[in-house]
Amino acid sequence: MTSTASVPRRPRRDAVENRAGILAAATATIAHDPHASIDTIARSAGLSRRALYGHFEDRDALIREVIAAGAQRFNDIALDIREPDARLALARLTARLWREAAHVQVAAAIALDETHVAETAAALAPLRRRVMEIVRLGQEAGALRTDVAAPTLARLVEETARTVVTRMDASSAAAPAIAVRAVLGIAGLSWREAAALIDAHPELEAIL
């Protein structure tokens, strides 16, 4: 007779749904109030504080899970960008990431603050690798600036995007285009070249 004592049980469906609901509630709640308490998050999820602690040991653990879930969405977007023109790839990537981050800007800002930036950087490793690939290909093709080494330029692109996400008003209609132009500018395009690139691609305008 085969023992099943060592076989881990699958989480019950309601437990999985509760956990997903908590993450969604935490993301939405923190987006409005970065200092939201665990009680506030639990109420938003329709659960008691005790029930929430059945899924997460404390608020920090919940925040880490929110960061990981958000990072996965960002990584998926990055891996979906396969545009051969590095300039257009950066524009598309920035526009799509902005659209994702703008919905939960405060939560994104928490993920990018100094307290969580190290774990966020680790969670965003696939995105960072994709940015590096785009930068290297762009430099090799002469489409991006070459006066800065690829690793440094990739980091500058990241920091520019980080600043835009944490500092700009997400409700501004001009914010997405400014984000794209800021990234393209640090990558080596003039403001006229960035504007011409956006104008030449109506589908990019649709994202913005």
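In the predicted model, helix α10 contacts helix α11 through Val-180, Arg-181 and Leu-184, which meet Ala-194, Ala-195, Leu-197 and Ile-198 of α11. By class, this contact comprises 6 nonpolar residues, no polar residues and 1 charged residue. Two packed helices are described by the angle between their axes and the distance between the axes. For α10 (residues 175-187) and α11 (residues 191-199), the angle is about 125 degrees and the axes lie 9 Å apart. Angles over 145 degrees count as roughly antiparallel and those from 65 to 115 degrees as roughly perpendicular; α10 and α11 are therefore oblique to each other. The crossing of α10 past α11 is right-handed.

The burial pattern of α11 was also examined. Ala-194, Ala-195, Leu-197 and Ile-198 are the buried residues of this helix. Around the helix axis they span an arc of only 160 degrees, so they are on the same side of α11. An α-helix has 3.6 residues a turn, so residues three or four places apart point the same way. Arg-192 and Asp-199 are exposed and are carried on the face of α11 turned away from its buried side.

The crossing of α4 past α8 is left-handed. On the α4 side the contact involves Phe-74, Asn-75 and Ala-78, and on the α8 side Pro-126, Leu-127 and Arg-130. The residues in this contact are classed as 4 nonpolar, 1 polar and 1 charged.

Elsewhere in the model, Thr-29 is located in helix α1, which covers residues 13-32. With a relative accessible area of 11%, Thr-29 falls under the 20% cut-off and is therefore buried. When residues up to four places away in sequence are not counted, Thr-29 touches Ala-36, Thr-40, Ile-41 and Ser-44. One of these, Ile-41, is 12 residues from Thr-29 in sequence, and the C-alpha to C-alpha separation of Thr-29 and Ile-41 is 6.4 Å.

Definitions and conventions. Residues are numbered from 1 along each chain as its sequence is written. This is a predicted model: local features need pLDDT of at least 70, side-chain atom pairs count only at pLDDT 80 or more; totals for chains, interfaces and linings use all residues. Side-chain values use heavy atoms; hydrogens and water are left out. Axes are lines fitted to C-alpha atoms, for helices over the stretch in contact, and angles run from 0 to 180 degrees between N-to-C directions. Helices (H or I, at least four residues) and strands (E, at least two) are DSSP runs, numbered from the N terminus. Angles under 35 degrees count as roughly parallel, over 145 as roughly antiparallel, 65 to 115 as roughly perpendicular and the rest as oblique. A crossing is left-handed if the near helix is turned anticlockwise from the far one by less than a right angle, and right-handed if clockwise. Contact means heavy atoms within 4.5 Å. Ala, Val, Leu, Ile, Met, Phe, Trp, Tyr, Cys and Pro count as nonpolar, Asp, Glu, Lys and Arg as charged, and the others, Gly among them, as polar. Buried means under 20% relative accessible area, exposed over 50%, partly exposed in between (1.4 Å probe, protein chains only). The arc is that of the directions from the helix axis to the C-beta atoms.
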